[in-house]
Amino acid sequence: MTPSIVHDVREILIAKGLDDSYVAEKMSLFENIKTNFEVLAMASFLDDEGRVFLAEKTGFSLSDLNTFFQVSKVYYPIMASLVI
């Protein structure tokens, strides 16, 4: 089962009007992800506008979401290296 936040990330990328090939490339990062926790860590590639959208969709504050991204890069450097 695909974690629900994967769908949110896809919706954000599409709403931003990004090229289909870019959306497909970014979504391929989530193919083997099993939890929303992992999805959030991988979603750190989102720009400020995308992060605002993600915060709204998930119910997190933008500050908490950005803090999570910072912490996840420290504890999950493999994930961080995939999205930079």
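This is a short talk on how helix H1 packs against two other helices, H2 and H4.

A word on confidence to begin with. The model is predicted. Its pLDDT averages 87, and 87% of the residues score at least 70. By element, the mean pLDDT is highest for H2, at 95, and lowest for helix H6, residues 77–83, at 55.

Now the pairing of H1 with H2. H1 covers residues 4–15 and H2 covers residues 20–28; their axes come within 10 Å and cross at roughly 160°. Angles over 145 degrees count as roughly antiparallel, so H1 is roughly antiparallel to H2. The crossing is right-handed. On the H1 side, the contact is made by Val6, Val9, Arg10, Leu13 and Ile14, and H2 supplies Tyr22, Val23, Lys26 and Met27.

Next, H1 with H4. Helix H4 is residues 48–58, and here the axes lie 10 Å apart at an angle of about 140°. That angle makes H1 oblique to H4. H1 passes H4 in a right-handed crossing. H1 contributes Ile5, Asp8, Val9, Glu11 and Ile12 to the contact, while H4 contributes Gly50, Phe53, Leu54, Lys57 and Thr58. The contact of H1 with H4 divides into five nonpolar, two polar and three charged residues.

Terms used:
Residues are numbered from 1 along each chain as its sequence is written. This is a predicted model: local features need pLDDT of at least 70, side-chain atom pairs count only at pLDDT 80 or more; totals for chains, interfaces and linings use all residues. Side-chain values use heavy atoms; hydrogens and water are left out. Axes are lines fitted to C-alpha atoms, for helices over the stretch in contact, and angles run from 0 to 180 degrees between N-to-C directions. Helices (H or I, at least four residues) and strands (E, at least two) are DSSP runs, numbered from the N terminus. Angles under 35 degrees count as roughly parallel, over 145 as roughly antiparallel, 65 to 115 as roughly perpendicular and the rest as oblique. A crossing is left-handed if the near helix is turned anticlockwise from the far one by less than a right angle, and right-handed if clockwise. Contact means heavy atoms within 4.5 Å. pLDDT is the predictor's confidence in each residue, from 0 to 100. Ala, Val, Leu, Ile, Met, Phe, Trp, Tyr, Cys and Pro count as nonpolar, Asp, Glu, Lys and Arg as charged, and the others, Gly among them, as polar.
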